[in-house]
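Q: I would like to learn how to read features from a set of coordinates. Can we go through them one at a time?

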Amino acid sequence: MTPQFFSRSAGHVALWRTLVQQDLAVKYRGTLLGRTWPLLMPLMLLAIYGFVFGAVFRARWPGLAEGDHLGFALNLFLGLLVHGLLAESVGQAPSLFQRNSNFVRKIVFPLPVLVAVPLGSALFHMLLGVLLVAFVNAIWGTGWQWQALALPFILAPYVVMLYGISLFFAALGVYLRDLVQIVTVLVMLVLFTGTVFYPRTMVPSVFSSVVGANPISWPTDALRGALLNGQWPAVLPMALYGFAALLVLLFGALVFRALRPGFADVL
């Protein structure tokens with residue numbers, strides 16, 4: 001690898017960081033509470049989930065005590081955070097270049113960086129939610145778990161996989177406008193076939209392979225284990241998921257590279 005490669009890569013990272021900061025600033029510009037919303041939103045959602053599923057439905061998470069409503073809310077909220085990262089990043093990918101056509105037609109711009117911007121914004125929101133879960137669990141739940149240090153090892157392959165999926169859908173979405181509706185359905189399908197609303201132990205054996213193949217199931221289980229139960233992620237599943245994430249990234253990058261020459265003509 002040449003010095004020019006590292007210099008260009010560093011420039012792309014700096015550009016990505018700037019665009020993510022601008023995207024977050026635009027989202028909360030003009031609001032009354034401004035930059036406090038990214039912290040207030042997960043706090044309010046956690047309180048709502050705790051009240052609805054704990055106080056109203058009296059829901060119980062398998063493996064927890066019957067009256068552990070906080071444990072149910074934290075397990076559910078972590079699953080929703082993992083899925084929210086996918087929904088917020090992949091969900092925007094099919095229409096990304098239609099909404100930013102000037103970057104494609106009028107200027108020379110590293111388009112893969114643009115694909116990574118929604119992922120960066122979504123990751124920022126998710127990390128705030130995860131930190132909130134860890135804080136609440138440390139005070140009122142099972143306590144601080146040092147296994148929470150595994151967070152980077154859990155999120156890194158998940159982010160890599162989501163970036164590969166986003167590259168694929170962003171490129172294909174330029175040519176197939178119906179992909180926006182298709183991806184919306186797929187995102188909802190991932191929500192209900194992943195381990196968001198239930199642990200993997202509740203899944204009937206006939207559907208276990210479907211749930212296991214869901215891209216959010218492993219990071220959801222691993223996050224719950226590390227943050228709430230003090231379990232370090234098993235090495236083999238983590239390695240297999242990381243390998244699958246790299247394959248998805250490679251596939252997405254190849255499709256993006258093959259379809260990119262026609263972007264300007266279509267848009």
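A: Start with a single residue. In this predicted model, Ala 116 lies in helix H6.

Q: Is Ala 116 buried or exposed, and why?

A: Burial is judged from relative accessible area, and buried means under 20%. Ala 116 has 13% relative accessibility, so Ala 116 counts as buried. Leaving aside residues up to four places away in sequence, Ala 116 touches Trp 16 and Tyr 163. A separation in sequence can also be set against one in space: Ala 116 and Leu 162 are 46 residues apart in sequence, and their C-alpha atoms are 9.4 Å apart.

Q: How does one describe two packed helices?

A: The description uses the angle between their axes and the distance between the axes. Here helix H6, residues 111-140, packs with helix H7, residues 151-175, at an angle of about 145°. The axes of H6 and H7 are 10 Å apart, and the crossing of H6 past H7 is right-handed.

Q: Which residues of H6 and H7 meet?

A: An α-helix has 3.6 residues a turn, so residues three or four places apart point the same way. On the H6 side, the residues in the contact include Pro 112, Ala 116, Leu 119, Leu 123 and Val 130. On the H7 side, they include Leu 151, Leu 155, Val 159, Leu 162 and Ser 166. By class, the residues of the contact of H6 with H7 divide into 16 nonpolar, one polar and no charged.

Q: What span should H7 have, and what do its end C-alpha atoms give?

A: At 1.5 Å a residue, the 25 residues of H7 should span 36 Å. The end C-alpha atoms of H7 are 37 Å apart, which agrees. As for burial, 18 of the 25 residues of H7 are buried, so H7 is largely enclosed by the rest of the structure.

Q: What does the span check give for H11?

A: Helix H11 covers residues 235-259, and its 25 residues should likewise span 36 Å at 1.5 Å a residue. The end C-alpha atoms of H11 are 36 Å apart, which agrees. Buried residues in H11 include Met 238, Tyr 241, Ala 245 and Phe 256. The buried residues of H11 pack against H4, H6, H7, H10 and H12.

Q: Where is Gln 147 found, and what does Gln 147 touch?

A: Gln 147 is found in the loop between H6 and H7, and at 9% relative accessibility it counts as buried. Apart from residues up to four places away in sequence, Gln 147 touches Ala 226, Gly 230, Gln 231 and Trp 232. A polar atom of the Gln 147 side chain lies 3.0 Å from the backbone oxygen of Gly 230.

Q: Where is the place of Arg 177?

A: Arg 177 is in the loop between H7 and helix H8, which covers 179-193. With a relative accessible area of 45%, Arg 177 is partly exposed. A polar atom of its side chain lies 3.5 Å from the backbone oxygen of Val 174. Arg 177 and Gln 98 are 79 residues apart in sequence and 9.3 Å apart in space, C-alpha to C-alpha.

Q: Is Thr 220 buried or exposed?

A: Thr 220 lies in helix H10 and counts as buried, at 0% relative accessibility. Setting aside residues up to four places away in sequence, Thr 220 touches Gly 79, Val 82 and Thr 195.

Q: How far apart are Leu 45 and Gly 129, in sequence and in space?

A: Leu 45 is in helix H2, residues 37-56, and counts as partly exposed at 30% relative accessibility. Leu 45 and Gly 129 are 84 residues apart in sequence, with 9.5 Å between their C-alpha atoms.

Q: How many helices and strands are in the protein chain?

A: Totals come after the single features. The protein chain has twelve helices and zero strands. Of its 267 residues, 44% count as buried.

Definitions and conventions
Residues are numbered from 1 along each chain as its sequence is written. This is a predicted model: local features need pLDDT of at least 70, side-chain atom pairs count only at pLDDT 80 or more; totals for chains, interfaces and linings use all residues. Side-chain values use heavy atoms; hydrogens and water are left out. Axes are lines fitted to C-alpha atoms, for helices over the stretch in contact, and angles run from 0 to 180 degrees between N-to-C directions. Helices (H or I, at least four residues) and strands (E, at least two) are DSSP runs, numbered from the N terminus. A crossing is left-handed if the near helix is turned anticlockwise from the far one by less than a right angle, and right-handed if clockwise. Contact means heavy atoms within 4.5 Å. Ala, Val, Leu, Ile, Met, Phe, Trp, Tyr, Cys and Pro count as nonpolar, Asp, Glu, Lys and Arg as charged, and the others, Gly among them, as polar. The expected span of a helix is 1.5 Å times one less than its number of residues. Buried means under 20% relative accessible area, exposed over 50%, partly exposed in between (1.4 Å probe, protein chains only). A polar contact is a pair of N or O atoms within 3.5 Å; within protein, one must be able to donate a hydrogen and the other to accept it, and residues adjacent in sequence count only if both atoms are side-chain atoms.
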